[in-house]
Amino acid sequence: MIPFSLRLAVSGGREAVARLLMIAAAVAIGVGLLLSSLAALNAVGHSNGRLLWMNTGSADWTGTAQTDPLWWYGHDHFHQGKRIVEFDVAPTGPASPLPPGLDRLPAPGEYYASPALAELLRRTPTAELGDRFPGRPVGTIGPEALTSPDTLAMVAGRTVDELKGVPEARPVTAIATAMPDRCAADCLGFGIHGDAVTLTLSVVVGALIFPVLIFIGTATRLSAATREQRFAAMRLVGATPRQVSVIAAVESTVASVIGTAAGFGVHLALRPVIADMRLTGDRFYRADLGLHLGQALVVALGVPVAAALAARFALRRVTVSPLGVTRRVTPKPPRAWRLTPLLLGLAELGYFVGNRPTTSNGQAAAYLTGFLLVMLGLVVAGPWLTMTAARAVALRTSRPAALIAVRRLADDPRTGFRAVAGLVVALFVTSATIGVIGTIDANRGARLSGDPEVRKAVVDLPHRLDSAETLGTVPDGLTASVRSVPGFRGLVPAHHNPDRIGTAPAPAHVPVPALVLCSDLAQVPVLGHCAPGAAVAAVPVVQFLDLQEGTAREWPTAPLPAEEAAALPVKLLYASTDGTSSAKERLRTLFTTAYPRYDARTVDDWGTEAQKRLQAWRQLAHVVLLTTLPIAGCSLAVSVVAGLSDRRRPFAMLRLTGAPLGLLQRVIGLESALPLLAVSVIATGTGFAAAAMFLKSQMQYDLVPPGAVYYGLTAFGLASSLGIIASTLPLLKRITGPEAARNG
């Protein structure tokens with residue numbers, strides 16, 4: 001029976017071959033996108049796993065192995081907004097642990113650099129970067145220790161005595177291989193692709209998979225009605241239900257197998273594109289965009305099996321009653337119970353608003369299942385909502401085209417909604433994604449927009465502003481070198497204020513204001529100014545890190561002489577420039593070499609990592625928009641064309657009885673537009689409701705309403721969908737000629 005079925009699948013003339021190729025092509029696109037979505041999620045896991053070694057030396061990971069301790073000191077630098085992580089190491093014996101990516105531990109005066117950092121050092125003047133890293137390169141760090149091709153990292157050799165004098169350094173006996181329970185300030189690897197990014201990416205990828213699955217299902221149902229008629233005829237001439245089922249399953253499976261195989265090729269072609277998308281703020285290694293064996297097997301076997309089962313399910317009327325197919329028996333109407341999955345999904349997300357799971361895996365399971373249940377609920381409830389909307393319109397219209405359209409939608413709402421199901425889910429995904437990412441952007445991006453004048457400054461300060469740690473006395477040579485840098489504008493030493501002079505009582509966690517000479521403050525107006533006649537001002541430390549300029553701010557006067565304030569240790573140094581990159585980086589290098597334990601940053605650097613994450617959120621939103629909407633458009637086009645092909649005989653009969661072609665075209669348009677517009681309103685509202693609950697539960701943010709761009713994009717998407725429907729209407733004239741009435 002199977003060879004006969006294969007022969008039928010490919011020897012049914014040009015139409016059969018065309019149908020087979022169309023199904024295979026559609027399945028290939030869907031499978032390619034499905035595999036690429038899974039690969040992107042895998043890549044995040046791979047890159048997260050490779051940064052675990054950077055947690056070595058944290059409070060929760062110093063190792064327990066019986067080996068020679070390795071002194072370890074992790075800290076970071078910045079260069080033109082890019083973060084550079086440096087790990088200084090000093091072995092105490094030949095058995096000291098070896099970090100990944102190295103063939104040996106560097107000796108004092110040697111270092112290993114990542115390929116991206118090595119290239120940056122080669123093309124950057126040494127006064128702007130290279131002088132911060134004394135020593136000579138002896139190799140590059142391998143990709144097994146880097147999260148991305150763009151990672152800037154270094155492992156430098158130091159002596160044991162050097163690192164023993166650094167309070168943050170500590171001996172370790174093992175390299176970290178797991179994420180610590182809590183992370184100290186020196187835990188540099190923690191949070192580069194943190195839980196929020198991974199969790200949101202998991203939810204979004206899960207949401208992307210749903211429209212792809214709908215598209216694959218739509219593709220496998222091409223010419224479903226025609227095949228149903230053909231199989232019913234086979235039953236009437238004596239074919240058994242089992243034989244018809246085998247023929248249908250083989251026909252669907254052949255196209256799905258071809259499409260699935262081609263889909264793996266589509267995935268391979270998309271890998272370079274996905275690698276450069278920076279979904280987490282960094283590029284992926286292409287090798288990370290692989291698939292687990294289980295994922296590949298599930299897709300390779302699952303899609304054809306699902307297609308065969310769908311074909312078997314679609315033939316249930318043929319198996320039970322072939323005459324019911326030929327006589328066009330009206331299917332039973334959907335019932336209100338179809339709203340249950342949608343309500344359950346919303347209820348699950350609502351429950352976790354006040355009961356957020358404590359682990360990342362628990363959060364992913366909670367939110368992902370909630371979102372998937374809502375999407376499933378929209379698809380399940382869609383036919384009932386379509387029927388309800390059609391019946392409501394039928395009571396308020398008397399036009400022939402509208403009456404025909406709503407009568408068919410009321411009689412068979414499943415078929416009517418199936419054409420727009422992908423677009424409805426895409427609209428939900430788009431609304432939820434824009435709601436989540438737009439709110440994150442609004443809450444975090446506003447804090448990162450700074451005044452251009454402030455961004456011209458470089459600050460050198462201790463790791464913790466709330467500690468009593470200071471830079472000590474500024475060497476005269478450093479001051480002279482700083483003032484000789486081309487583009488230098490002003491230098492403000494902020495002095496330690498141990499007695500809280502000139503300050504009001506404040507909570508213990510609030511840093512004590514620094515003491516600044518008014519003569520120094522006058523050199524940098526963006527920091528504010530002193531009161532008239534004052535010699536020393538008490539300036540809040542956070543003002544030196546603020547992205548907003550404070551020219552109009554007048555700081556309280558500190559009641560002590562300028563000479564006495566100048567003799568106090570320096571808490572931090574603040575230097576302003578003309579804004580050129582060269583001036584800022586030269587000053588940063590001078591500060592770093594003078595105070596290697598401390599952070600020399602531009603004011604912008606505090607927002608660099610946050611901006612990087614925000615850009616990743618925005619990129620994720622772009623991927624969602626550029627993926628779901630085209631997929632939904634393809635699903636809509638395939639569904640409308642398939643519907644026209646399946647109903648060409650009824651339409652041909654209507655034309656023979658005198659129905660104008662324009663009337664039939666309006667019927668087709670209304671049959672697609674009514675469920676699209678009716679269910680889209682619910683999908684949009686549901687998307688924002690789900691986003692609001694996710695944000696409140698996970699990040700304690702209130703949903704920020706989207707701007708005009710979202711509504712313009714939604715209107716454009718709906719208009720494009722209606723345009724897709726309209727573009728298929730000319731086919732109606734070609735397929736509803738007299739021959740269709742005779743041979744359909």
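Leaving aside its neighbours within four places in sequence, with which residues is Leu349 in contact?

## Leu349 and its surroundings

In this predicted model, Leu349 is in contact (heavy atoms within 4.5 Å) with Tyr367, Gly370, Phe371, Val374, Ala690 and Met693, once neighbours within four places in sequence are set aside. Leu349 belongs to helix H11, which spans residues 340-351; helices (H or I, at least four residues) and strands (E, at least two) are DSSP runs, numbered from the N terminus. With a relative accessible area of 0%, Leu349 is buried, where buried means under 20% relative accessible area, exposed over 50%, and partly exposed in between (1.4 Å probe, protein chains only). Between Leu349 and Met693 there are 344 residues in sequence, yet their C-alpha atoms are 6.1 Å apart in space.

## Basis of the model

Residues are numbered from 1 along each chain as its sequence is written, and side-chain values use heavy atoms, with hydrogens and water left out. Because the model is predicted, local features need pLDDT of at least 70 and side-chain atom pairs count only at pLDDT 80 or more, whereas totals for chains, interfaces and linings use all residues.

## The six-stranded sheet

An open sheet of mixed pairing is formed by six strands in the order E4-E3-E5-E2-E1-E6, two strands being paired if DSSP finds at least two bridges between them. Strand E4 (136-140) and strand E6 (170-172) stand at the edges with a single partner strand each, so one side of each is left without a neighbour in the sheet. From one strand to the next, the twist averages 30°.

Within this sheet, strand E3 (residues 110-113) pairs with strand E5 (residues 153-157) in the antiparallel sense over three bridges, and Tyr111 stands opposite Ala156 in E5. Helix H3 (residues 115-123) lies across strand E1 (70-79), strand E2 (82-91), E3, E4 and E5, and runs at about 115° to E3; axes are lines fitted to C-alpha atoms, for helices over the stretch in contact, and angles run from 0 to 180 degrees between N-to-C directions.

## Ser47 in helix H2

Ser47 lies in helix H2 (residues 14-50) and is buried, its relative accessible area being 0%. The side chain of Ser47 reaches the backbone oxygen of Val44 at 3.0 Å.

## The chain as a whole

The protein chain contains 25 helices and 14 strands, and 51% of its 744 residues count as buried. Among contacts between residues at least 6 apart in sequence, 81% join residues at least 24 apart.

Terms used: A polar contact is a pair of N or O atoms within 3.5 Å; within protein, one must be able to donate a hydrogen and the other to accept it, and residues adjacent in sequence count only if both atoms are side-chain atoms.
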